[in-house]
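Hi,

Here is the structure I promised to pass on. Have a look at it, and then read on for what turned up.

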Amino acid sequence: MADLVAGLGIIRESPADLGTIELIVRRPETNKREVLDRAELDLDRGLVGDNWLVRGSRATQDGSAHPGMQLNLMNARVIELIAGPRENWPLAGDQFYVDLDLSADNLPPGSRLSLGDAMIEVTDIPHLGCRKFIDRFGLDAAKFVNSEEGKLLNLRGINAKVIKPGCVNTGGIIEKL
């Protein structure tokens with residue numbers, strides 16, 4: 001835990017307005033991950049080829065996919081601190097790992113971001129560390145991201161939805177609009 005807390009300074013140095021897309025991960029089925037150089041974002045399907053739509057959600061009454069949870073973004077500095085080498089990052093289950101300040105102060109719900117040709121909007125659904133996150137990264141990592149400060153900084157990440165379809169590339173720009 002001390003190492004995680006010590007890394008907060010580096011996380012707080014994340015750029016506020018203009019960052020980079022460090023890694024794109026598609027989840028074609030449960031517990032499967034595909035690292036992509038290029039991805040397509042669609043209004044209805046989210047990240048094309050991802051299982052978000054067919055997997056559904058416990059957050060909806062009928063079990064269908066929750067439109068406010070179409071995409072998950074996590075700060076690359078946070079996942080590097082927690083998971084180490086880039087090849088371990090996809091285990092977190094997010095689709096986009098970005099070098100950008102995802103804090104609630106910087107990106108409140110309704111904030112818009114451009115990624116390549118696409119545009120997304122931050123939703124008000126919290127993204128928190130769950131049982132899978134604990135199993136993969138340990139209890140300290142979950143306590144860290146779910147702490148009061150962790151929630152303010154959105155250390156576990158944010159949920160978003162596509163509002164303009166388009167293509168996105170690893171190494172591309174993510175910009176707060």
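This is a predicted model: local features need pLDDT of at least 70, side-chain atom pairs count only at pLDDT 80 or more; totals for chains, interfaces and linings use all residues.

Let me start with a pocket. Helix 7 (148-152) and strand 9 (158-164) each give at least two residues to its lining. By class, that lining has 11 nonpolar, six polar and two charged residues.

Now for the largest pocket, which holds about 800 Å³ of space. Its lining is made up of 27 residues, with Arg55, Arg58, Met69, Cys130 and Lys132 nearest the centre. Two or more lining residues come from each of helix 3 (52-55) and helix 5 (131-137), and helix 5 gives the most, with three. Here the classes are nine nonpolar, 10 polar and eight charged.

One of the residues nearest that centre, Arg58, sits in the loop between helix 3 and strand 5 (71-75). Arg58 counts as exposed because its relative accessibility is 87%, and the cut-off for exposed is over 50%.

Helix 6 is worth a look too. In this helix (residues 139-146), Ala141, Ala142, Phe144 and Val145 are buried. Viewed down the helix axis, the buried residues fall within an arc of 160°, so they line one face of helix 6. Among the elements covering them are helix 1 (2-6), helix 2 (8-12), helix 4 (76-83), helix 5 and helix 7.

Last, the charged pairs. How many salt bridges does a search of the whole structure find? The count is 11. A few to click on:

- Asp50 and Arg27: their side chains meet at 2.8 Å, N to O. Asp50 is in the loop between strand 4 (46-47) and helix 3, and Arg27 is in the loop between strand 1 (18-26) and strand 2 (34-36), so the pair ties together parts 23 residues apart in sequence. Asp50 is buried, at 9% relative accessible area, and Arg27 is buried as well, at 6%.
- Glu34 and Arg26: this salt bridge is also given as 2.8 Å, N to O. Glu34 is partly exposed at 31% relative accessibility, and Arg26 is partly exposed at 22%.
- Asp42 and Arg45: the salt bridge here is 3.6 Å, N to O. Asp42 counts as buried at 18% relative accessibility, whereas Arg45 is partly exposed at 39%.
- Arg112, Glu121 and Lys161: salt bridges link these residues in a network.

Cheers

Key: Residues are numbered from 1 along each chain as its sequence is written. Side-chain values use heavy atoms; hydrogens and water are left out. On a 1 Å grid over the protein atoms alone, a cavity is a set of points where a 1.4 Å probe fits but cannot get out, and a pocket is an open set with protein on both sides within 12 Å along at least five of seven lines; lining residues have an atom within 4 Å of a point. Grid points are joined across faces, edges and corners, and a volume is the space filled by probe spheres set on the points. Helices (H or I, at least four residues) and strands (E, at least two) are DSSP runs, numbered from the N terminus. Ala, Val, Leu, Ile, Met, Phe, Trp, Tyr, Cys and Pro count as nonpolar, Asp, Glu, Lys and Arg as charged, and the others, Gly among them, as polar. Buried means under 20% relative accessible area, exposed over 50%, partly exposed in between (1.4 Å probe, protein chains only). The arc is that of the directions from the helix axis to the C-beta atoms. Contact means heavy atoms within 4.5 Å. A salt bridge is a side-chain nitrogen of Lys or Arg within 4 Å of a carboxyl oxygen of Asp or Glu.
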